[in-house]
Amino acid sequence: MAHPIQGLVKYHGMRDEIERLPYHDSISVCTAPSHTRTTVEFSMDYDEDTFIVDGEELEGRAYERVEAVVEKARSKSDAAHTVYPVRLESENSFPTNVGLGSSSSGFAAAAMALAEAAELDASKGEISTIARVGSASAARAVTGAFSHLRTGMNDEDCRSERVPSNLHEDLKIIVGLVPYHKDTDDAHREAADSHMFQARNAHIHEQIAKMRDSLRNDDFEGVFERAEHDSLSLAATTMTGPSGWVYWQPATLAIFNTVRELREEEDIPVYFSTDTGASVYVNTTEEHADEVEEAVADCGVSTTVWDVGGPARLLEDDDHLF
């Protein structure tokens, strides 16, 4: 089982599409109780690799991305049974493909299950490199909580690590769900074609350093004010690429305005954040969570309240999907 991520300093664009090596570092926080649960088995009883997500068998590009993670796990294993076909089944507890990080928890759970099934004696950091070839964000979902994925040209450098922080004790994440289909692969592919891309790359290194420092110092305002700003920076880059990707919807902007009104007029510590999608993460403290959720719901969207999620973990046999 693994939890999805909310990007705090988000990655955009890949220098290597096969290994999914990002151009720059990124930092995120896992969200719970939202999760993906995955079971895998290598067996000579299967005719071919089969991947099923939320009851639907994958094909096309979705199949290829899961197959890449499977092959990465196979390449690291000495277990003879990994030559057999594999069956992978996965279920999500939250809406997918709406900007809530389902690919991160999906590939993280797959990597964790594959590492166990392939009998790998691997650390969370090593498993994060398996998850990364499905989604770079999934690397951070493996290590959980507040995690940092470093850029690099190999698995030794490009892996995820935890950033120590006590902010999980008071953080509440109100999700404003704005259903809107999106495809991040195309946006990542054309990232470098935006005239804003080099400016973002030059800016991001200082943001990573400041984000790490704010997390270590349990600086709520520093972390989430920076996450809000990074959401705007990311959108500027995606919107100025060749395809002019605009993910935000009217409800997205309504939530932004509500958050700023709560902060500026009522002095509530609250900040918005988005990844490449229309749904909004609204970060606040436990003291103000009810008031903030009510205000977000008044924007005409469904809401839920999430906490900080831990690392990917193995489940007991009774929780397996087959």
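Gly-144 follows helix H4 and has a positive phi, near 80 degrees. Helices (H or I, at least four residues) and strands (E, at least two) are DSSP runs, numbered from the N terminus. This is a predicted model: local features need pLDDT of at least 70, side-chain atom pairs count only at pLDDT 80 or more, and totals for chains, interfaces and linings use all residues. Residues are numbered from 1 along each chain as its sequence is written, and side-chain values use heavy atoms, with hydrogens and water left out.

**Helix H4 and its cover**

H4 spans residues 136-143, and eight of its eight residues are buried, so the helix is largely enclosed by the rest of the structure. Buried means under 20% relative accessible area, exposed over 50%, and partly exposed in between (1.4 Å probe, protein chains only). Arg-140 is one of the buried residues of H4. Ser-137 and Thr-143 are also among them. The cover over H4 includes helices H2 and H3 (124-132). It also includes strands S1 (5-9), S4 (26-32), S9 (146-149) and S10 (160-162).

S1 is itself mostly covered, with five of its five residues buried. S1 and S4 run antiparallel and are joined by four bridges. Two strands pair if DSSP finds at least two bridges between them. Gln-6 has Val-29 in S4 as its bridge partner.

**The open sheet**

Four strands form an open sheet in the order S5-S8-S6-S7, with mixed pairing. Strands S5 (36-42) and S7 (56-57) are the edges, each pairing on one side only.

| Strands | Sense | Bridges | A bridge pair |
|---|---|---|---|
| S6 and S8 | parallel | four bridges | Thr-50 and Arg-87 |
| S6 and S7 | antiparallel | two bridges | Ile-52 and Glu-57 |

Phe-51 has its bridge partner in S8 too: Leu-88. S8 is mostly covered, with five of its seven residues buried. S6 and S7 form a hairpin with two residues between them. Asp-54, in that turn, has a positive phi of about 50 degrees.

Helix H2 (residues 102-117) lies across S5 and S8, running at about 35 degrees to S5. Axes are lines fitted to C-alpha atoms, for helices over the stretch in contact, and angles run from 0 to 180 degrees between N-to-C directions.

Val-69 is found in H1. Val-69 counts as buried because its relative accessibility is 0%. Leaving aside neighbours within four places in sequence, Val-69 is in contact with Phe-107, Ala-111, Leu-114, Ile-130, Val-133 and Gly-134. Contact means heavy atoms within 4.5 Å. Pro-269 lies 200 residues from Val-69 in sequence and 40 Å from it in space, C-alpha to C-alpha.

**The whole chain**

The protein chain has nine helices and 14 strands. The C-alpha atoms fill a box of roughly 65 × 45 × 35 Å along the principal axes.

Of the 322 residues, 58% count as buried. The accessible surface comes to about 13,700 Å², and 44% of it belongs to carbon and sulfur atoms. These areas come from the Shrake-Rupley method with a 1.4 Å probe; for residues, only the protein chains shown count as cover. Among contacts with a separation of 6 or more, 75% are between residues 24 or more positions apart.

The domain assignment gives domain 1 (5-166) and domain 2 (168-308). Such bounds come from an automatic or database domain assignment. The two centres, taken over C-alpha atoms, are 23 Å apart. Across the boundary, 41 residues of domain 1 are in contact with 49 residues of domain 2.
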